[in-house]
Amino acid sequence: MIVNCPSCASRIRLDAARHAGKRLRVRCPRCRSQQTIDVPAAAVGCGVLDVVVAHSDAELCATIQQILEQDAIACRICYSGSQALALMEDKPPRVAVMDVALPDLFAFQVVEQVRERPGLRDVRIILLSSVYNRTAYKRRPTSLYGADDYIEKHHIPDDLVPKIRALAAGLPTPGIRPPENEQQKLQWDAVSRKIRLAEQKETEVSLGDPEMEKARRLARIIASDIALYHQDKVERGLREGNLDALFQQELQEGERIFLERFGGSENLARKLILGAFLELLRMHSLEKGT
């Protein structure tokens, strides 16, 4: 297992099987500060940590798989919500990483089904935000649909593995950590570029591509992302019936991101994003019986 130094955020690797059930006094090799770590007994005999990754983009899945396997974490990948549920039914993983905008099921639908199935209730779930944008309409989500944590795309290189290991060990997930040195920063930057390029390829337009299908896909991604970050406003908008007014700023920001890929399609941007957003809320309301 890996823990973060509370003073300098350095990663410290511990042998969870060897120290299972013990309280350790750990000294950071970098800044020499000390912390007390309670290693969970559940780590005994747990074997290889198994993770399911669900995202529609094959290149992004391959990038995440490479990151996890470099840290000795077994990874099974799939590209839709239904495939993710089938993989987990076949063999429950310790942790699942789920895109919030999977092609067939929204994230809240996957989470609800996982939580309802007796064999899957202990699976820890991390939601993966869909749009690679560090600032657009984003803040810490107030609700995760019942998932255990979330991660934004640009933090995959540095924070995904610590989050997975903490959840699997039953520990609080660590905060964002800076790179330990210039080499690690360059490595993380390189992975981030791959992730961003994969997202652009998933939605880019080229001759012969089914353009409208990709536009709808991007609109669904943006709408899912907006809903994830503003669950409190979603609930309020549904109660008061004023979703358009409440989400005016976020929808405009989503249109700006859409037009970066589909320039000159202003009318299409508003129509597709608002349509995807309302469809997500309609499905959410049906699931909740409201």
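## Two packed helices

In this predicted model, helix α7 (residues 211-229) packs with helix α10 (residues 248-261) at an angle of about 150°. Their axes lie 10 Å apart. The crossing of α7 past α10 is right-handed. Angle and distance between axes are the two values that describe a pair of packed helices.

Which residues meet? From α7 come A215, L218, A219, I222 and I226. From α10 come E250, L251, G254, I257, F258 and R261. By class, this contact holds eight nonpolar residues, one polar residue and two charged ones.

## The largest pocket

The largest pocket holds about 290 Å³ of space. It is lined by 15 residues. Closest to the pocket's centre are R11, I67, Q70, P157 and W188.

Helix α6 provides the largest share, with five residues. The lining of the pocket divides by class into five nonpolar, five polar and five charged residues.

## Confidence in the model

The chain has a mean pLDDT of 81. A value of 70 or more is reached by 83% of its residues. Where is confidence highest, and where lowest? Strand β5 (residues 50-54) is highest, with a mean of 95. Helix α1 (residues 16-19) is lowest, with a mean of 66.

Residues 42-46 have a pLDDT below 50. Beyond near neighbours in sequence, this stretch makes three contacts in the model.

Technical notes: Residues numbered from 1 in each chain as written. Predicted model: local features only at pLDDT ≥ 70, side-chain atom pairs only at ≥ 80, totals over all residues. Heavy atoms only, no water. 1 Å grid on protein atoms, 1.4 Å probe; cavity = no way out; pocket = protein on both sides within 12 Å on 5 of 7 lines; lining within 4 Å. Points joined across faces, edges and corners; volume = space filled by probe spheres on them. Helix = DSSP H or I, 4+ residues; strand = E, 2+ residues; numbered from the N terminus. Nonpolar A, V, L, I, M, F, W, Y, C, P; charged D, E, K, R; others polar. Axes fitted to C-alpha atoms, helices over the stretch in contact; angles between N-to-C directions. Left-handed = near helix turned anticlockwise from the far one by under 90°. Contact = heavy atoms within 4.5 Å. pLDDT = per-residue confidence, 0-100.
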